[in-house]
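Work through the exercises below with the structure open. Each task is followed by a solution in steps.

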Amino acid sequence: MFMKIGNIDFNNNLILAPMAGVSDVGFREVCSLFGADATYSEMLSARAMLHNPHKTQLMTISSPYEKIKIGQVFGHEPEIITQAITGTLLKDYQIIDINMGCPAPKIVKNGEGSALMKNLPLASKIISECVKVAKVPVSVKFRLGFNSDISKEFGRMCEESGASFVTLHARTAQQGYSGKADLDAIASLKQTLKIPVVGNGDVTDKESYQKMLETGVDGVMIGRGAQGRPWIFAQLLDREISYNKFEVIKRHVDVLRKYYDESWLTLYMRKHFLWYSNGIEGASKLRLELATSPSIDHSLKLLKELFEKKVLN
Ligand SMILES: Cc1cc2nc3c(=O)[nH]c(=O)nc-3n(C[C@H](O)[C@H](O)[C@H](O)COP(=O)(O)O)c2cc1C
């Protein structure tokens, strides 16, 4: 049995993480095709959603191939966040998630993201007011704490404030991405709460997926492990899907071409192309060329040659 949130039934336990500057609509589409059952938008500024909706609108475009769409919002003002989540930008999303884990200094200095883990009364007010006005379930994604582990206390607060489920990236904000995700903390949060818990941190293959499942979590979120490897979802689900890696990359690009201009895409896709070509023996020269490629078509040509010549990881 997989998670049921409100009247939304999950069909497996795999969730694509929100990743600002990475989880664009094309990437979400290809991850969904490989089996990700829920996909998060990049984090959206509640203020920007109200005051600069055109910019944020592009980030809220979703794909018809996404299954359960979760829109993630960050902010620190309850009245701004509630207005943002009840506006039209997230009308196609089935779940609203509030970011209480982002450690980026420009977010923390505004009292947002992981800074809310230092202000439980405000975090609680944000959650309960969102729950009051939202037409869909509200979830919260957080870290262990700002600089020490308060995840059980914080999780209880989320539950009491009305969150439908929580996701724990089991590192403190201060840790950034150093050290290892603390799976014991995830297991103990799962024991503490009645609402479902999604575990997150360092799942990159079957072994790490299995270890995460052993914590008892209801869902498993994958971030960096999917970069350049959207097929990871099929691998973890033991789905035998035959696919051509170049065609997957092309599909990622083709979705984005509907919405973004070529010059922006050329720069934006460089990191994805480097991830897609990561770990391929003998590809270092080509990777250098990809890093400075003047156009998307040139990059695709290089990748096509690369993938046609090799049997890859
Ligand atoms: C490039 C990048 C961007 C991220 N952006 C967000 C974000 O917008 N919202 C969020 O809650 N977490 C964000 N995260 C954190 C991930 O969602 C996830 O919690 C973290 O990467 C740990 O999971 P992993 O080990 O599977 O990557 C980001 C992570 C990366 C690497």
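**Exercise 1. Strand pairing around strand 6**

In which sense do strand 5 and strand 6 pair, and over how many bridges?

Solution. Strand 5 (residues 44–45) and strand 6 pair in the parallel sense, over two bridges. Two strands pair if DSSP finds at least two bridges between them. Helices (H or I, at least four residues) and strands (E, at least two) are DSSP runs, numbered from the N terminus. Ser-45 stands opposite Phe-74 in strand 6.

Before going on, note the ground rules. This is a predicted model, where local features need pLDDT of at least 70 and side-chain atom pairs count only at pLDDT 80 or more, while totals for chains, interfaces and linings use all residues. Residues are numbered from 1 along each chain as its sequence is written, and side-chain values use heavy atoms, with hydrogens and water left out.

Next, take the other partners. Strand 4 and strand 6 run parallel and are joined by three bridges. Tyr-40 has Ile-70 in strand 6 as its bridge partner. Strand 7 (residues 95–100) also runs parallel to strand 6, with four bridges. Here Val-73 stands opposite Ile-98 in strand 7.

**Exercise 2. Burial of strand 6**

Find which residues of strand 6 point one way and which the other way.

Solution. In strand 6, Ile-68, Ile-70, Gln-72 and Phe-74 point one way. Lys-69, Gly-71 and Val-73 point the other way. Seven of the seven residues in strand 6 (residues 68–74) are buried.

**Exercise 3. Strand 11**

Describe the two faces of strand 11 and its pairings.

Solution. Both faces are covered. Gly-219 and Met-221 are buried on one side, Val-220 and Ile-222 on the other. Strand 3 (residues 14–16) pairs with strand 11 in the parallel sense over three bridges. The bridge partner of Leu-16 is Ile-222. Strand 10 (residues 197–200) also runs parallel to strand 11, again with three bridges. There, the bridge partner of Val-198 is Gly-219.

**Exercise 4. Aromatic pairs of Phe-34**

How many aromatic pairs are there, and why does the pair of Phe-34 and Trp-231 tie together parts of the chain?

Solution. Apply the rule: rings of Phe, Tyr and Trp (its six-membered ring) pair if their centres lie within 6.5 Å; planes under 30 degrees apart count as stacked, over 60 as edge-to-face and the rest as tilted. The count comes to seven aromatic pairs. Phe-34 and Trp-231 are edge-to-face, at 6.2 Å centre to centre and 85° between the planes. Phe-34 lies in the loop between helix 1 (25–33) and strand 4 (38–40), and Trp-231 in the loop between strand 11 (219–222) and helix 10 (232–236), so the pair joins parts 197 residues apart in sequence.

Check accessibility. Phe-34 is buried at 5% relative accessibility. Trp-231 is buried at 3%.

Now the next pair. Phe-34 and Tyr-243 have ring centres 4.8 Å apart and planes at 80°, so this pair is edge-to-face. Tyr-243 sits in the loop between helix 10 and helix 11 (245–257), 209 residues from Phe-34. At 32% relative accessibility, Tyr-243 is partly exposed. Finally, ring pairs link Phe-34, Trp-231, Tyr-243 and Tyr-276 into a cluster.

**Exercise 5. Helix 12**

Among the buried residues of helix 12 are Met-269, Phe-273 and Tyr-276.

**Exercise 6. Positive phi**

Where are Asp-202 and Asp-238 placed, and is each exposed or partly exposed?

Solution. Asp-202 is in the loop between strand 10 and helix 9 (206–213). Its phi is near 70°, a positive value in a residue other than glycine. Asp-202 is partly exposed at 29% relative accessibility. Asp-238 is in the loop between helix 10 and helix 11. Its phi is positive too, about 55°. Asp-238 is exposed, with a relative accessible area of 56%.

Definitions and conventions:
Buried < 20%, exposed > 50% of the residue type's maximum accessible area, 1.4 Å probe, protein only.
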